[in-house]
Number of protein chains: 2
Amino acid sequence: MSTEFPAASAADRDAVLDRFVAVIPAGGVGTRLWPLSRAAAPKFLHDLTGSGSTLIRATYDRLRPLANGRLLVVTGQAHRAAVCHQIPELDTADLVLESEPKDSGAAIGLAAAILYRRDPATIMGSFAADHVISPDTVFRAAVLEAIHTAASGERGKIVTIGIEPTHPSTGFGYIRGGEALDVAGAPSARAVAEFVEKPSLEVAEKYLASGEYLWNAGMFVAPVSLMLEHLEANQPELYAGLTEIADAWDTPARDEVTARVWPTLPKIAIDYAVAEPAAAAGDVAVVPGAFRWDDVGDFAAIGRLNSAREVDAVTVLGEGARVFTEGASGIVVSDTKRVIALIGIQDVVIVDTPDALLVTTKEHAQKVKGAVAALKASGDTDVL
Amino acid sequence: MSTEFPAASAADRDAVLDRFVAVIPAGGVGTRLWPLSRAAAPKFLHDLTGSGSTLIRATYDRLRPLANGRLLVVTGQAHRAAVCHQIPELDTADLVLESEPKDSGAAIGLAAAILYRRDPATIMGSFAADHVISPDTVFRAAVLEAIHTAASGERGKIVTIGIEPTHPSTGFGYIRGGEALDVAGAPSARAVAEFVEKPSLEVAEKYLASGEYLWNAGMFVAPVSLMLEHLEANQPELYAGLTEIADAWDTPARDEVTARVWPTLPKIAIDYAVAEPAAAAGDVAVVPGAFRWDDVGDFAAIGRLNSAREVDAVTVLGEGARVFTEGASGIVVSDTKRVIALIGIQDVVIVDTPDALLVTTKEHAQKVKGAVAALKASGDTDVL
C-alpha cells in the first residue's frame, strides 16, 4: 500500500483512512441478465468476467486495501449464506439483511445510521456489489481523493465518483462538474453543479462534447453525519425508522426491531433522498475516475468485458460449454456442459442454464426484462 | 379394405396382393436433424410430426393394409431393440441387421435375395422408414397401381412411385415419364424415359413447367426376380455376396455367413446398381403419387409438417417445452422441459436436447451436417 497513494502526507492519509468504512449494497436480481442472474443467484454472485471471482468478492478485494476490513454489506435475506461464503471475513454485525427490498435510500441510509452510532466521525464509501472496474489501483486513487474531499472543511462533503464517459450513453445519469475545489490530497475534486437524468442521444452527445459531464455510477464517499443530516431534512419518516433500527443494531434487540420497522420504511432511491437535495445545497463534490467501469447491464456487456474464449467470432463464457460455430457471431454464456452448435446466425446472445435457455440478439439484449415479466405473469416462477 | 381399392377385379387384386411384401430400409442417422436425430436415436425413431407415432411405426401402419404383416426391415445392429419395440409384430427372421452401413444396393438387394429364396414370385415394395406421407389412402392407391404394374407382362416391371412436384426443388432427383402403359388396375402407369440427377434451379423450373417430371422419392415396387436379374448383370460381385447370405438366411448358418460376407460387400446405391440400368433396358415404369410427401430433410421441414403448438410466430415441437417469445419467429424443437425464451430473433431454428443445443436459422438449417462433421473431427462423439 505504501507506494500506491502518493498524494497528501502519509500521516494525513492514515488519519483519514482510519475513518473510512466500505459499504457494499448487494441488491437487485439483475433481471436483464436472466436466466444466468435470477432471484436465487443474482448478478453479484456470478463471475461475469472470467476472472475467477464473483462480482461481490472482486468488489470486496478492490476495497480491502482502503477499508482494511472495515465493511458493511446490505443484501437480501435470501443471500445470507452466499454472501458469507463469498466474504468469510464478514462479521454478522456487519451484514444487514433486508427482509424485503426497500430501494437504496433505506439500504444506504441504514448503513450510515449504524456506522454513525459506532463512530460519528465515520466516512462511508458506498460501492455496488455488481459493477466491474479496472484497474483497481486507478479506482483506489480516485476513492482516496474522494475520502480526502469527504473529510475536508467543517461538515465535509458528499463526494461522488464520476466516470469519464467514453461514448454518449443514454443508459446512465450524468453529473455536471462545477468549479475546482482546493482540497489537499484531492487535486481533481470539483463541486457538483447538478445531477441530470438519463438523456436522449442528442443531449448525451452534447454532454460528451462539452467535457463537463461525467457518468453517475452511483458511487459515493461521505461523512455519515452529513448523509444523515440531509436524510433527516428530506425524508424525516425514513430517517426516524432507520434511527430506530440503528439504535437497536448493536444490542440484543436488533432482530426484533429490524423485523418490525424495516417493512414500514418508505421506498426511495438514495439519489432523491440525499444526493440531489445535497447537491442543491452545495454539499456535493465529484472526483473523476479514469478507470474502466461497467455496470454489466446486459449480455452485450458480458461480451465486451470478457477475456474468455473466442470460438471464431463467438465469445464463450462458461468453462463447461463445448461450442461449435459455422458462420456465427455473438456471445454464449453457459452454465452447463452441453454441446452448443451455432450455424449461420449473427450477433446472437445465448444463455444456457440447466432449466432455462435464452436466445436473443445483441440488439435486443436489453429486452430480457420484459421476458422475465411475462414468465412471472404466466406463473413460471421456478426459473426466475 | 374393401372400399379402398376400387380398381381391378377383387380376385385379381387379392391374387397380386398375396405376392406383395413390404421392405422398410431404416438406415441413415438423419444428420441434418442433429441433435434431435443422432446415431443412437436416428430420425426414423422420432415422432417428427406430432402424430403420436414414430416415423418407422407410421411407415409400418401405412403399409399394413397392403402387406398384411408380410414385412422385412433392414436396419443397423444398434437399432435392433428400438425397431423391435416400435414394431413388435416383426419376426426375427424378417429383421436384417447391418453390422456396418453398405448403402441401399446391399440393403435392398439382400431383402430381394432373401424374399426370392422364400418365394420367387414375390413382389417387393421398398419404402424408407423416415418419410412423411399423407393421406395414407392416396398412398396405398398408388402402391396398389404399382403392384399391378410390377406384376404385369412376362417379366414384370420395376415400378417407381414418382411424386408430383409442388415446387422446383433442387434437392431431389427427377423421373421423366414416357408413354402410358396399358396395365389393368394401374391406369396411371407410364414408362420411365429417364432418371435425372438433382438439377439446378433453372433446370428444375423447366422440369416443373413441362409437366413431364416427377420427384424421385426412392420408392419402388418390383418382382424380386427382376431386381436380382438386373443386380446380377450390373453388380455381379454384390449379387454373389448377397446370394451367399440369402442362401444361409433361413438356416442356422445365418449369423455366421452374414457376419463373414456383409463386410466384404461393395457400397453402391440401389439407383446405380439396379434402377438406372433397368430404366435404360426399358424395364422401369412409374406411377405418379398425388399424396403429400416429405423426406424431412431439415428442421425447416419439421416446421412445415407440424400441426404442433404455435407460440406467436414460433412453431413449437415437443410437449415439455415452455416457450416464451417477444418479437421472434421460427421453430423450437425441444426434447427437454426447460423454459426457452426467444427475444427479437427471426426465422430461428432451435433444437434443445439434454446434452446438445443447436441454434441456427431456417436458411442455414441444411448446414447442420457440417457441424456434425466438425463435432466428429473434434472427438465430441458422445452427442452424435
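How far apart do the C-alpha centres of domain 1 of chain A and domain 2 of chain A lie? In this predicted model, the distance is 31 Å.

**Figure 1. Domain 1 and domain 2 of chain A.** Chain A is divided into domain 1, spanning 10–294, and domain 2, spanning 299–383. Their C-alpha centres are separated by 31 Å. The contact draws 13 residues from domain 1 of chain A and 24 residues from domain 2 of chain A.

Figure 2. On the side of domain 1 of chain A, Arg32(A), Trp34(A) and Leu36(A) supply 39% of the area buried against domain 2 of chain A, more than any other three residues. Across this interface of the two domains, the rule finds zero salt bridges. Zero residue pairs in polar contact, with both residues at pLDDT 80 or more, are found there. The side of domain 1 of chain A that touches domain 2 of chain A comprises six nonpolar, three polar and four charged residues.

**Figure 3. The interface of chain A and chain B.** In chain A, 35 residues are in contact with 35 residues of chain B. The area buried between chain A and chain B is about 2700 Å², and carbon and sulfur atoms give 62% of it. Within chain A, the residues that lose the most area to chain B are Arg338(A), Ile343(A) and Leu357(A), which together account for 24% of what that side buries.

**Figure 4. Polar and charged links between chain A and chain B.** Two salt bridges are counted between chain A and chain B. Asp352(A) forms a salt bridge with Arg338(B), in which the closest N and O atoms are 2.8 Å apart. Between chain A and chain B there are 18 residue pairs in polar contact, both residues being at pLDDT 80 or more. On the side of chain A that touches chain B, at least two residues each come from β14 (322–326), β16 (339–343), β17 (348–352), β18 (356–361) and α12 (368–378) of chain A. By class, that side of chain A has 20 nonpolar, seven polar and eight charged residues.

**Figure 5. Strand pairing between β16(A) and β18(B).** Strand β16(A) is joined by five bridges to strand β18 (residues 356–361) of chain B, and the two strands run parallel. Leu342(A) stands opposite Val359(B), a residue in β18(B).

Figure 6. Most peptide bonds are trans. In chain A, the bond from Ser134(A) to Pro135(A) is cis, with omega near -10°. Pro135(A) lies in the loop between β5 (132–134) and α5 (136–150) of chain A. In chain B, the bond from Trp34(B) to Pro35(B) is cis, with omega near 5°. The loop between β1 (20–26) and α2 (55–67) of chain B holds Pro35(B).

**Figure 7. The backbone at Asn68(A).** Most residues other than glycine have a negative phi. Asn68(A), a residue other than glycine, has a positive phi, near 50°. Asn68(A) is placed in the loop between α2 (55–67) and β2 (71–76) of chain A.

Methods. Residues are numbered from 1 along each chain as its sequence is written. Chains are lettered from A and ligands numbered from 1 in the order in which they are written. This is a predicted model: local features need pLDDT of at least 70, side-chain atom pairs count only at pLDDT 80 or more; totals for chains, interfaces and linings use all residues. Side-chain values use heavy atoms; hydrogens and water are left out. Contact means heavy atoms within 4.5 Å. Buried area is the accessible area (1.4 Å probe) that two parts lose on being put together, summed over both. A salt bridge is a side-chain nitrogen of Lys or Arg within 4 Å of a carboxyl oxygen of Asp or Glu. A polar contact is a pair of N or O atoms within 3.5 Å; within protein, one must be able to donate a hydrogen and the other to accept it, and residues adjacent in sequence count only if both atoms are side-chain atoms. Helices (H or I, at least four residues) and strands (E, at least two) are DSSP runs, numbered from the N terminus. Ala, Val, Leu, Ile, Met, Phe, Trp, Tyr, Cys and Pro count as nonpolar, Asp, Glu, Lys and Arg as charged, and the others, Gly among them, as polar. Two strands pair if DSSP finds at least two bridges between them. Domain bounds come from an automatic or database domain assignment.
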